[in-house]
Amino acid sequence: MATRGRKPKPTALKILEGNPGKRPLNKGEICPTGAAVCPDWLEDEAKAEWERMSKVLEDMGMLTSMDMVAFAGYCQAYARWKEAEEFLTQHGSIVRTPNGYLQQVPQVSIAQTNLKIVLKFCEQFGLTPSSRSRIVADKSTDETTDEMEKLLRGG
């Protein structure tokens with residue numbers, strides 16, 4: 001049976017966002033250590049994407065050794081999406097069949113499917129503009145200008 005409700009957001013992402021819901025953070029969440037290693041079986045373009053994005057995600061605390069499969073899925077989908085888009089740029093999206101009908105090439109649906117997969121992974125890792133806009137570095141100082149903030153903080 002499927003779990004109801006929204007998927008829980010990783011604690012590391014909540015911390016980066018400044019815990020906007022002010023709900024208690026999951027202190028018992030498994031926080032694996034160690035960097036994720038790029039799998040050998042990835043395509044060359046997927047490996048290049050791994051190299052490009054892994055350091056950024058590791059610095060954010062969003063990529064660890066336990067996330068290797070999910071991140072490899074993102075990289076592989078990215079490589080397939082890019083390959084399909086390059087084909088469409090070179091050859092176009094419509095071909096004429098032997099009967100004279102116009103038909104869409106398969107790369108159109110391949111590109112669309114893999115872009116959906118890429119975007120789903122991006123949401124999970126905090127890589128979309130909307131998920132990044134929720135991330136706010138903690139800039140709290142003792143010199144808060146808002147009187148209510150001072151009062152709530154005990155000052």
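Is Trp81 buried, partly exposed or exposed? Trp81 is partly exposed, because its relative accessible area is 22%, and the cut-offs are under 20% for buried, over 50% for exposed and partly exposed in between, with a 1.4 Å probe and protein chains only. I will come back to that residue.

First, the ground rules. This is a predicted model, in which local features need pLDDT of at least 70 and side-chain atom pairs count only at pLDDT 80 or more, while totals for chains, interfaces and linings use all residues. Residues are numbered from 1 along each chain as its sequence is written, and side-chain values use heavy atoms, with hydrogens and water left out.

Now the overall layout. The protein has 6 helices and 2 strands; these are DSSP runs numbered from the N terminus, with helices being H or I of at least four residues and strands being E of at least two. From the N terminus on, the order is α-α-α-β-β-α-α-α. Of the 155 residues, 26% count as buried. Contact here means heavy atoms within 4.5 Å. Among contacts with a separation of 6 or more, 59% come from residues 24 or more positions apart. The accessible surface is about 11500 Å², and carbon and sulfur atoms hold 55% of that; the areas come from the Shrake-Rupley method with a 1.4 Å probe, and for residues only the protein chains shown count as cover.

On to the core. By nonpolar core I mean a set of buried Ala, Val, Leu, Ile, Met, Phe, Trp, Tyr and Cys residues joined through side-chain atoms within 4.5 Å. In soluble globular proteins, nonpolar side chains tend to be buried together. The largest core here has 20 residues, and those touching the most other members are Trp50, Leu57, Phe71, Tyr74 and Cys75. Helix H2 (44–60), helix H3 (68–91) and helix H4 (106–125) are the elements that give two or more residues to this core. H3 gives the most, with 7 residues. A second, separate core has 5 residues, including Ala84, Leu88, Val105 and Ala111.

Let me stay with H3. Its 24 residues should span 34 Å at 1.5 Å a residue, and the end C-alpha atoms are 34 Å apart, so the two agree; the expected span is 1.5 Å times one less than the number of residues. The buried residues of H3 include Phe71, Tyr74, Cys75, Gln76, Tyr78, Ala84 and Leu88. H2 and H4 are among what covers the buried residues of H3. Leaving out residues up to four places away in sequence, Tyr74 touches Glu49, Arg52, Met53, Val118, Phe121 and Cys122. Just after H3, Gly92 takes a positive phi of about 85 degrees.

Back to Trp81, and the aromatics. Rings of Phe, Tyr and Trp (its six-membered ring) pair if their centres lie within 6.5 Å, and planes under 30 degrees apart are stacked, over 60 edge-to-face and the rest tilted. The structure holds 5 such pairs. One of them is Tyr78 with Trp81, a tilted pair at 5.9 Å centre to centre and 50 degrees between the planes. Both residues lie in H3, 3 residues apart, about one turn of the helix. An α-helix has 3.6 residues a turn, so residues three or four places apart point the same way. Tyr78 counts as buried because its relative accessibility is 17%. Ring pairs link Trp50, Phe71, Tyr74, Tyr78, Trp81 and Phe125 into a cluster.

Beyond four places in sequence, Asn114 touches Ala77, Arg80 and Trp81. Asn114 is buried, at 10%.

How many disulfides are there? The count is 0, a disulfide being a pair of cysteine sulfur atoms within 2.5 Å. The cysteine sulfur closest to that of Cys38 is in Cys75, at 6.8 Å, which is too far for a bond. Cys122 is in no disulfide either, and its nearest cysteine sulfur, that of Cys75, is 9.9 Å away. Cys122 is buried, at 9%.

Ser131 sits in helix H5 (residues 129–133) and is buried, at 4%. Apart from residues up to four places away, Ser131 touches Glu17 and Gly126. Ser131 and Glu17 are 114 residues apart along the chain, with their C-alpha atoms separated by 8.8 Å. Arg96, in strand E1 (residues 94–96), is exposed at 58%.
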